[in-house]
Amino acid sequence: MSGNDLRDEIDRRLHPWLPQLGSDRSAYTNHVLRVLELCDLLDGGSATLPSTREEFRTAAAFHDLGIWTAGTFDYLAPSADLALQWLDQIDRADLADLVVAMIDQHHRIRSAGAPTDPIEVFRRADAIDVEYGLLGRFGIPRSTYRELAKRYPDKGFHRRLVQLAAQRIRTHPTSPLPMLKW
């Protein structure tokens, strides 16, 4: 599947929430696309690439969306709810438990399973992108991440995360990063 086809698939999932995403639409979409391509790079050689599988596409599209739709930095549950609604619409409730776990565990500090487990593949891919490919890259060369970032530019995504984190720290100093899990 080409990058444009993948973008079209992600755009289709995000379309109902374009007003909430507002000027962050391109930034978030490109984050989703970087995460999916990183999943492909991290995959342990399964028969189909993660970016072609519904569970990865759904988890990626919705994993942070609650930031915008629920207006909160405590967004894991609202994001999972949106993913469940999508799966219900497309008659794929069979993926619900896996997709919810992928979203719920994507900011886990420690491993979420074996390196080839879908939850762990997704967690690692998101971590690489959130950290700009600077810290743990799980075997992905820095040059590969830079190439991916050129293909799907940041467009202010990381700056927005810093702004939201700073706001959360001011308003909830005892719970600044509620999405992190051990």
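In which kind of crossing, left-handed or right-handed, does H6 pass H7? In this predicted model, the crossing of H6 with H7 is right-handed.

**How the two helices meet**

The axes of H6 and H7 come within 9 Å and cross at roughly 155°. Since angles over 145 degrees count as roughly antiparallel, H6 is roughly antiparallel to H7. The table shows where each helix lies and which of its residues take part in the contact.

| Helix | Residues spanned | Residues in the contact |
|---|---|---|
| H6 | 76-89 | Leu76, Ser79, Ala80, Ala83, Leu84, Leu87 |
| H7 | 96-104 | Ala96, Val99, Val100, Ile103, Asp104 |

**The buried side of H7**

Now for H7 itself. Its buried residues are Ala96, Val99, Met102 and Ile103. These residues lie on the same side of H7, because they cover an arc of only 130° around the axis. As for their packing partners, the buried residues of H7 pack against H6, helix H4 (54-62) and helix H8 (118-130).

**A look at Asn30**

Elsewhere, you can find Asn30 in helix H3, which runs over residues 25-42. Is Asn30 buried or exposed? Asn30 has a relative accessible area of 2%, and buried means under 20%, so Asn30 is buried. Leaving aside residues up to four places away in sequence, Asn30 touches Arg7, Tyr152, Pro153 and Lys155.

Methods:
Residues are numbered from 1 along each chain as its sequence is written. This is a predicted model: local features need pLDDT of at least 70, side-chain atom pairs count only at pLDDT 80 or more; totals for chains, interfaces and linings use all residues. Side-chain values use heavy atoms; hydrogens and water are left out. Axes are lines fitted to C-alpha atoms, for helices over the stretch in contact, and angles run from 0 to 180 degrees between N-to-C directions. Helices (H or I, at least four residues) and strands (E, at least two) are DSSP runs, numbered from the N terminus. Angles under 35 degrees count as roughly parallel, over 145 as roughly antiparallel, 65 to 115 as roughly perpendicular and the rest as oblique. A crossing is left-handed if the near helix is turned anticlockwise from the far one by less than a right angle, and right-handed if clockwise. Contact means heavy atoms within 4.5 Å. Buried means under 20% relative accessible area, exposed over 50%, partly exposed in between (1.4 Å probe, protein chains only). The arc is that of the directions from the helix axis to the C-beta atoms.
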